[in-house]
Amino acid sequence: MSFEEKLEFYKLLLEVGFKEIEVGFPAASETEYEFLRALIENNMIPSDVTVQVLTQCREHIIRKTFEACKGAPSAIIHFYNSVSVVQREQVFRASREEIIEIAVSGASMLKEYAEKYPDSNFTFEYSPESFTGTEMDFALEISNAVMDIWQPIEDHKAILNLPSTVQMSMPHVYANQIEYICKNLKNRENILISLHPHNDRGTGVADAELGLLAGADRIEGTLFGNGE
């Protein structure tokens, strides 16, 4: 979307009453970066609203993301890496241990950069991307490894997003996967489980509803299908 289109949608989300709004991927393009800077510099983020941004597990991208967020009163920094069998074997050609190291390194960098901006309240979020194509024991292992770095507490919880990046099954299967993570995740009481079901099979809403019944706390959706 253009700057103007993004601003129109942002204002609509504020009007509707959303308190957490994903505003973009600041390191992906100048439009994304400048949009967030404009919101901050023009005081367009209400005090009770938290903006959310995406970043990959790469140092220069994480650095630019935090630069874009400078001065934001409250922001969720959401990073991800792909963990599925297909991605590990066909794209990264990496072992489980190597994929975990990518995630742990990203989690550590988020902590390091957040300390450089003490005037902002940052919440960390992690997504094991392609969660639905991942062995559940590995999804749990890598999620625990990230949370071990962050050490979330009651007054400063972290977010674990479990996306249906590709809808590979019926909604009850996704719900079973969510329930498994919720029941086995360490430090669960200090972690918000978030859902982000795509709609390849046309059952995104059903995935979200059953996922909540299975124990999740939060849903990441879209406005009329626009954005992630």
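Before we look at the sheet, let me say that two strands count as paired if DSSP finds at least two bridges between them, and that helices (H or I, at least four residues) and strands (E, at least two) are DSSP runs, numbered from the N terminus. This is a predicted model, in which local features need pLDDT of at least 70 and side-chain atom pairs count only at pLDDT 80 or more, while totals for chains, interfaces and linings use all residues. Residues are numbered from 1 along each chain as its sequence is written, and side-chain values use heavy atoms, leaving out hydrogens and water.

With that in place, the open sheet is made of seven strands, paired in parallel and ordered E1-E2-E3-E4-E5-E6-E7. Strand E1 (20–24) and strand E7 (218–219) stand at the edges with a single partner strand each, so one side of each has no neighbour in the sheet. Further in, strand E3 (residues 74–82) pairs with strand E4 (residues 121–129) over nine bridges, in the parallel sense, and Asn 81 stands opposite Pro 128 in E4.

Now to Trp 150, which is in contact (heavy atoms within 4.5 Å) with Phe 79, Lys 111, Phe 124 and Tyr 126, among others, not counting residues up to four places away in sequence.

Which element gives the most to the lining of the second largest pocket? That is E4, with three residues, where a lining residue has an atom within 4 Å of a point, and a pocket is an open set of points on a 1 Å grid over the protein atoms alone, where a 1.4 Å probe fits, with protein on both sides within 12 Å along at least five of seven lines.
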